[in-house]
Each structure stands twice: as structure tokens, then as C-alpha cells.
Amino acid sequence: MQLSHRIEHLTGGGSDGWDVYHRARDLIAAGEKVVELTIGEHDIRTDPAILKAMDDSARGGHTGYAEVPGVAALRDRVADRVQACSGVPTTRDNVLITPGGQAGLFSAHCATCDPGDAALFIDPYYVTYPGTIRGAGARPVPVRTRPGDSFRPRAADIAAAIVPGAKSLLINTPNNPTGALYDRATLEGIAQVCRDADLWLISDEVYDTQVWEGAHLSPRALPGMAERTLVIGSMSKSHAMTGSRCGWIVGPEAAIGDLINLATHTTYGVPGFVQDAALFALDQGAELEAAVAAPFRRRRAQALEILAGQNALHALPPQGAMYLMLDIRPTGMSGSEFANALLDAHRIAVMPGESFGAAAAGHIRVAMTIADDAFAAALKTLCAFAATRV
Ligand code: PLP
């Protein structure tokens with residue numbers, strides 16, 4: 001039986017960008033030892049106190065259908081958090097709890113784009129973005145950034161990428177894969193383009209607690225933006241709760257009303273015991289968030305020290321998030337060639353930049369997601385390998 005064009009072409013054909021990751025997994029399955037610096041997941045598990053809150057809630061009976069928009073107390077808590085961070089008045093009516101940020105991204109595109117409309121996004125990008133946009137029935141339109149701009153988008157490039165039928169622009173700060181944090185001037189430029197072209201801004205802020213330099217600014221706080229911005233948030237990265245699947249969309253009340261209707265007809269909400277655990281986690285405040293972020297902050301410092309002692313690679317010091325973007329163009333190899341050769345020679349797996357879009361060609365992304373000693377040793381080996389190739 002024929003399936004829909006949309007589902008069959010979700011990943012746009014060709015490689016899904018995960019070839020090196022799959023090769024590494026195959027080697028591991030065959031009994032080999034591989035250092036994996038590929039996926040964005042903590043090397044710690046969810047805090048036992050959060051798990052206890054989840055267990056208490058489930059055993060207390062919160063196992064039936066939860067309220068579709070989210071448990072009121074969690075919506076209130078998320079609204080308070082977002083208001084405190086951004087200064088924008090926010091109530092529970094501006095909040096929909098979703099099964100992770102990923103479901104939020106999909107729903108936000110469903111809400112802003114009709115089938116065939118164009119949805120802009122910034123390249124390099126989190127690997128799921130184009131497929132998420134296609135899944136929502138829209139056309140993904142990348143806007144390329146430049147390594148020389150630390151991969152921050154220029155307003156003029158976004159404006160130039162606008163095509164007939166463009167309805168939305170998706171940005172991500174702090175950024176996966178580049179570690180870039182968008183400064184005020186960059187965000188003001190983005191906001192101006194959105195206002196001028198009447199675009200929705202979908203702002204993926206799932207790394208907002210992992211900021212190493214500068215301060216996170218939500219574009220929803222900029223003049224005239226609260227009415228056209230949908231913020232995507234998540235417990236995954238901030239609280240090492242990737243498997244719990246709990247996130248949110250924050251936006252104008254009317255849009256959230258329609259998104260609740262979409263949730264009723266798709267996910268039917270998030271498990272109540274997961275939401276209670278998320279509420280408990282958020283109630284622990286910034287201290288817990290800082291503790292979850294601390295290993296990445298440490299490894300970033302380690303990495304910058306190691307990279308300062310070599311000249312085969314150029315590092316883009318990450319300002320946020322759990323990744324290190326390395327410019328391997330001095331080796332003359334593509335990101336994919338480098339990643340495959342590194343895996344062959346040293347059994348170290350990293351992501352080729354090309355997995356994250358054409359703008360990241362000639363780069364590799366290193367996830368800072370293994371123990372400090374092992375991370376430092378792998379990075380030194382990687383640098384020595386690069387030095388043999390320049
Ligand atoms: N957005 C970005 C930029 C990500 O890196 C990720 C996960 O890696 C997500 C969204 C999705 O996160 P989740 O669905 O676990 O909240």
C-alpha cells in the first residue's frame with residue numbers, strides 16, 4: 001500500500017546525518033570499544049529526588065488521563081519561570097505542556113503553517129528540524145549562516161531567504177550544534193525581519209540553562225514579539241530528564257488555545273506523574289539546574305585548554321549548550337571524511353558538521369557528554385589525529 005508523500009519523504013532522501021553514529025553503534029554491537037561523542041544526552045541520570053516525586057505521584061494515583069493543556073500547577077510554574085527570565089507577563093493561559101520540546105516544535109509548525117507554506121530555519125540546525133517541518137506539511141527553507149559570524153544569522157540573509165508563502169522562522173539559542181548564543185543585536189535583527197515580513201518566530205530555547213558566556217535573551221521579550229513568538233522549552237536538557245518527555249510551548253493565549261485543541265487530537269497530554277516530577281524539579285530552583293549543567297561547563301574549560309595548545313583545528317568556543325564545534329578545514333577533509341577516518345583510526349565517534357546542514361561543512365560536532373578524564377583523553381587524541389592530516 002502506498003503511504004503519503006509526506007511520511008515517505010520526511011527526511012528529504014539521502015543520508016539522515018547519523019551514518020557515523022550508526023557505524024559506531026554497529027562496532028559496539030560487534031564487541032568493540034568506541035568513545036561516543038555523538039548524541040546530546042547527559043552522562044548522569046535523572047536526580048533520584050525527581051524520580052521519587054514521580055513515584056510518589058504515580059503511587060498516589062496520578063496515572064489516569066491528565067489535563068490536556070497540562071497540570072495547572074505546572075503551567076503556573078512554567079509561566080512564572082518564563083516571566084522571571086524574560087520579563088514578559090505570562091500566565092498559565094500562555095502555556096501548553098507537551099511531550100518534550102520535539103512535540104512542541106512539531107505542534108508549533110502545525111499551528112503556524114498550512115500545507116505547502118514555507119518554514120524558515122537557521123543552518124546549521126538541530127538534525128530533526130527539516131523533518132519536523134515536513135511532517136507538519138510545510139516546506140523547509142534553510143537560511144545559511146557563516147563560520148566567520150560564529151554561525152549567528154544576519155538579518156539580511158533571513159530577509160533574502162523569504163519566499164512566497166513563508167509563515168515562520170525557527171531559531172535556536174543557545175544553539176545546537178554550534179554553541180552560539182544570540183546576542184541582543186542578532187535577536188533584534190531577527191525580530192525586525194519577523195515584524196516586517198509578518199512571520200511567526202518559533203524560538204527553541206531548550207538549552208537556556210546551559211550558558212557559559214553572556215546571558216540568554218528570549219526574543220519574546222523584544223518589542224512587538226510576544227504576539228508573534230512561540231517559545232519551545234523542555235525539562236530534557238535542564239534537568240537531565242530526556243526520557244521523561246516533558247516540555248512546553250509558551251505563546252499568545254489564542255494560539256495556545258488552538259494548540260491545546262491540536263493536543264486533544266494528537267498527544268492527549270503528558271502523563272500526570274511526569275508533570276508532577278517536572279514541577280518538583282522546577283521547584284528545586286536554579287541550584288539543581290546549575291548542578292546538571294556543571295559537567296558541561298567543566299569540560300568546556302578543559303576543551304578550551306587542550307585546544308589552545310594545538311593549531312591543527314580551530315575551535316569556536318561554545319557560549320552555551322553541551323557541544324563543541326571544531327573547524328577541521330585545515331585538514332582538507334570534509335566533516336564526514338574526518339569523522340569516519342577518526343572512527344577507523346581511533347574508535348572515537350563524532351558528528352560530521354554536514355549532518356547539521358551545508359553551513360557546517362568542514363566542521364565536526366563533539367558532544368561533551370562523557371566523563372571528564374575520558375573526554376580530555378579523547379579530545380587530545382582527536383587533536384593529534386588532526387595534526388597528522390594538516
Ligand atoms: N531542540 C534542540 C535544539 C535539541 O538539541 C533537542 C534535543 O536534542 C530538542 C529540541 C528536543 O528535545 P526534547 O524533545 O527532548 O525536549
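Start by selecting Ala197, which counts as partly exposed because its relative accessibility is 32% (buried is under 20% relative accessible area, exposed over 50%, partly exposed in between, with a 1.4 Å probe and protein chains only). This is a predicted model, in which local features need pLDDT of at least 70 and side-chain atom pairs count only at pLDDT 80 or more, while totals for chains, interfaces and linings use all residues. Residues are numbered from 1 along each chain as its sequence is written, and side-chain values use heavy atoms, with hydrogens and water left out.

Next, select residues 184-197: this is helix α8, and Ala197 lies in it.

Now show the whole protein as a cartoon. The secondary structure has 13 helices and 12 strands (DSSP runs numbered from the N terminus: helices are H or I with at least four residues, strands E with at least two). Along the principal axes, the C-alpha atoms fill a box of roughly 60 × 50 × 50 Å.

Switch to a surface view. The accessible surface is about 15,900 Å², and carbon and sulfur atoms account for 53% of that (Shrake-Rupley method, 1.4 Å probe; for residues, only the protein chains shown count as cover). Of the 390 residues, 55% are buried.

Finally, display contacts (heavy atoms within 4.5 Å). Where residues at least 6 apart in sequence are in contact, 74% of those contacts join residues at least 24 apart.
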